[in-house]
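I will start with the whole and then go down to single residues.

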Amino acid sequence: CAARGIEVIPEIDVPGHNQALAAAYPEFFCFPKPDMKVRTTAGNSRELVCPQKPEVWKFYAAVFKELKDIFPSSIVHLGGDEAPTELWEKCPLCREARTRADMKDEQEQMRAFFAKMTALLAKNGQKPQFWYEGDAGIYHPGETVYAWRQDQALQSIEKTKKAGLNLIMASSEYCYLDFPQIQGQHNWGWMRTTTLQKCYELDPAFGKPEKETNHIRGVHAPVWAEHLPDLNHLLYRAYPRACAIAEAGWSPMNARSWENFRRKLADHRQFILKRFNYDMERTKENEPPFK
Ligand SMILES: [Zn+2]
């Protein structure tokens, strides 16, 4: 990847989205459940690691050090998204800590948790990134967050600008490449159809002027894999839409042309088919619901 100018950034989600951790180390969590199983389906868990348990910090110190040994990147994506705080609210250790630190709610606790994680990363010369969760106050000025929630890009741009954050645009209605790309493809009852043209229409600034959007650092196209059966299908979903997001990232709106893009894409088609050993028949067989 380095030889091709690609920086690989690992992601370790905290304080939630980590049910496998809850299965392996139940004692790290506010209310340990020894019978917790590794999650194999999409969605969120309620479990969050308990910031009041010293072994949690010892564990993450070791994890970050190991990541440093594996990945040359100085960035560790900490996720931070979809972390319902109801168990922090109930946890006696967390309650006591909030009272002691005069915190008014669990959001303040989240801010302190992120700050402590950031300090832990800093010991190795690493810094965090986060999935933006609407409340800019839980992050710290200068940090980088990703806007991803459907139809919330505009308010994300405004709030992160005000809070002094850097923003990467990954708004799901344009950028989620695991979403169905043609009408009739299975959408699990909630995913919007995101056509190649829709991806190409992404304006990372959402029409706002440069001075209000100069904190936007780039674009990002997630391919969440939990509903994708194999690598062949993942590539089928990723391409050619990734080409559209890439062009949206480096071309100003006044230089865009859907017709030009389609012409260029025709040249890429053979390369994509050959390079990925792409198997159209197999992909059709694997169309959800999967056999
Ligand atoms: Zn707790």
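Surface first: accessible areas come from the Shrake-Rupley method with a 1.4 Å probe, and for residues only the protein chains shown count as cover. By that method I get about 15600 Å² of accessible surface for the protein chain, and 54% of it belongs to carbon and sulfur atoms.

A note on the source: this is a predicted model, where local features need pLDDT of at least 70, side-chain atom pairs count only at pLDDT 80 or more, and totals for chains, interfaces and linings use all residues. Residues are numbered from 1 along each chain as its sequence is written, and side-chain values use heavy atoms, with hydrogens and water left out.

**Entry: overall dimensions**

I looked up the radius of gyration, which is taken over C-alpha atoms; the globule rule is 2.2 Å times the number of residues to the power 0.38. For 291 residues a compact globule would come near 19 Å, and the protein chain has 21 Å, which agrees. Along the principal axes, the C-alpha atoms fill a box of roughly 65 × 50 × 40 Å.

Next came burial (buried means under 20% relative accessible area, exposed over 50%, partly exposed in between, with a 1.4 Å probe and protein chains only). I find 44% of the 291 residues buried.

For contacts I used heavy atoms within 4.5 Å. Among contacts with a separation of 6 or more, residues 24 or more positions apart account for 68%.

**Entry: the sheet**

Helices (H or I, at least four residues) and strands (E, at least two) are DSSP runs, numbered from the N terminus. The count for the protein chain is 13 helices and 6 strands.

The 6 strands make an open sheet, β1-β2-β3-β4-β5-β6, with parallel pairing. β1 (11–14) and β6 (216–219) are at the edges with a single partner strand each, so one side of each has no neighbour in the sheet. On average, neighbouring strands are turned by 30° against each other, direction ignored. For angles, axes are lines fitted to C-alpha atoms, for helices over the stretch in contact, and the values run from 0 to 180 degrees between N-to-C directions.

I then followed β4. Strand β3 (residues 127–131) is joined to β4 (residues 144–147) by 3 bridges; Gln129 stands opposite Thr144, and Trp131 opposite Tyr146. On to β5, there are 4 bridges. Here Val145 faces Leu167, and Ala147 has Met169 as its bridge partner.

Both faces of β4 are covered, with Thr144 and Tyr146 buried on one side and Val145 and Ala147 on the other. β5 is also covered on both faces: Asn166 and Ile168 are buried on one side, Leu167 and Met169 on the other.

**Entry: helices**

Helix α6 (residues 153–162) lies across β4, β5 (166–169) and β6, at about 160° to β5. I picked Thr160 in α6. Is Thr160 buried or exposed? Thr160 counts as buried because its relative accessibility is 0%. Its side chain reaches the backbone oxygen of Ile157 at 3.2 Å, a polar contact (a pair of N or O atoms within 3.5 Å; within protein, one must be able to donate a hydrogen and the other to accept it, and residues adjacent in sequence count only if both atoms are side-chain atoms). Leaving aside neighbours within four places in sequence, Thr160 touches Tyr132, Val145, Leu165, Leu167 and His215.

Ala122 is in helix α5 (residues 106–122) and is partly exposed, at 48% relative accessible area. Its C-alpha atom is 9.5 Å from that of Ser74, 48 residues apart along the chain.

Helix α10 (residues 231–238) has 6 of its 8 residues buried, among them His233, Tyr236 and Arg237.

Most residues other than glycine have a negative phi, and most peptide bonds are trans. I noted these exceptions:

- Val14 and Pro15 are joined by a cis peptide bond, omega about -10°; Pro15 is in the loop between β1 and α1 (19–24).
- Tyr239 to Pro240 is cis, with omega near 10°; Pro240 is in the loop between α10 and α11 (241–250).
- His17, in the loop between β1 and α1, has a positive phi of about 55° and is partly exposed at 31%.
- Asp151, in the loop between β4 and α6, has a positive phi near 65°.

Conventions:
Pairing = 2+ DSSP bridges.
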